[in-house]
Amino acid sequence: MKRALALAALLAPLAALAGNQDEEKLADSVRASLQAAIADRAVPVLNFKSGADNAHRWLSEMSKRLERRIPDRKQRTELLKTVQYEATRAGLDPQLVLGVIQIESGFRKYALSSAGARGYMQVMPFWVRLIGERQHNLFALRTNLRYGCVILRYYLDREQGDFFRALGRYNGSLGQADYPNLVHSAWKGTWKYDGATS
């Protein structure tokens, strides 16, 4: 049963999978740090310490894998560059972020969950009030990925690097195995990349 559920989610998720993430009180220092990360307006560029050749190889490989879900090359390239940029600046593996997007929204920019989460990374609107600015549009590519990566980093730090618990918090399903297992399968399966990613 678990295998069938994982396979179905990996192949074609039709509904946004965001859980009912709880809004929590943030310490002023945490709020300030998260606000500073969200405020960054730099243009996304591929950020590879190992050189431009590796950046182009990564982009080409990920683009091939994503082509079935996002046929438009320009849209696909913009998404991948933004994922790589935002993940790297948040200290995350870009393939992890691709796994989260696959499970959360199925790579649908305008995905909306029953809990109200929005966009590729299914960000809950309360985060705009907590750490953003009122005009932030969670359906906008860069805004959504910036929020999603900053929030996931926050949960990873809070859970001292425990991906299972951090992913559970991110999805609003802390303590339940299905969501973290699905993301892990997508991360280490569909999006696994052996080349240098940073």
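I began with the order of elements: from the N terminus on, the chain runs α-α-α-α-α-α-α-α-α. I counted 9 helices and 0 strands. Helices (H or I, at least four residues) and strands (E, at least two) are DSSP runs, numbered from the N terminus.

I noted the basis of the entries. This is a predicted model, where local features need pLDDT of at least 70, side-chain atom pairs count only at pLDDT 80 or more, and totals for chains, interfaces and linings use all residues. Residues are numbered from 1 along each chain as its sequence is written, and side-chain values use heavy atoms, with hydrogens and water left out.

**Whole chain**

I looked up burial. The chain has 198 residues, and 49% of them count as buried. Buried means under 20% relative accessible area, exposed over 50%, and partly exposed in between (1.4 Å probe, protein chains only). I then looked up contacts, meaning heavy atoms within 4.5 Å. Of the contacts between residues at least 6 apart in sequence, 66% join residues at least 24 apart.

**Helix 4 on helix 5**

I took helix 4 (residues 73-89) against helix 5. They pack at an angle of about 120°, with axes 8 Å apart. Axes are lines fitted to C-alpha atoms, for helices over the stretch in contact, and angles run from 0 to 180 degrees between N-to-C directions. Helix 4 is therefore oblique to helix 5. On the cut-offs, angles under 35 degrees count as roughly parallel, over 145 as roughly antiparallel, 65 to 115 as roughly perpendicular and the rest as oblique. The crossing of helix 4 and helix 5 is right-handed. A crossing is right-handed if the near helix is turned clockwise from the far one by less than a right angle, and left-handed if anticlockwise.

I listed the contact residues. Helix 4 gives L80, V83, Q84, A87 and T88; helix 5 gives P94, V97, L98 and I101. By class, that contact has 7 nonpolar, 2 polar and no charged residues. Ala, Val, Leu, Ile, Met, Phe, Trp, Tyr, Cys and Pro count as nonpolar, Asp, Glu, Lys and Arg as charged, and the others, Gly among them, as polar.

**Helix 5 on helix 8**

I moved on to helix 5 (residues 94-105) and helix 8 (residues 163-171), which pack at about 40° with axes 13 Å apart. Helix 5 and helix 8 are therefore oblique to each other. Their crossing is right-handed. L96, V100 and E104 of helix 5 meet F163, L167, Y170 and N171 of helix 8. I found 5 nonpolar, 1 polar and 1 charged residues in this contact.

**Aromatic rings**

I searched for ring pairs. Rings of Phe, Tyr and Trp (its six-membered ring) pair if their centres lie within 6.5 Å; planes under 30 degrees apart count as stacked, over 60 as edge-to-face and the rest as tilted. The count is 7 aromatic pairs. I looked at Y110 and F139: their ring centres are 5.7 Å apart and their planes at 45°, so the pair is tilted. Y110 lies in the loop between helix 5 and helix 6 (126-131) and F139 in the loop between helix 6 and helix 7 (141-158), so the pair ties together parts 29 residues apart in sequence. Y110 is exposed, with a relative accessible area of 60%. F126, W127, Y154 and Y155 form one aromatic cluster.

**Loop between helix 5 and helix 6**

I checked backbone angles here. F107, in this loop, has a positive phi of about 65° although it is not a glycine. F107 counts as buried at 5% relative accessibility. Q122, in the loop as well, has a positive phi of about 55° and is not a glycine. Q122 counts as buried at 4%.
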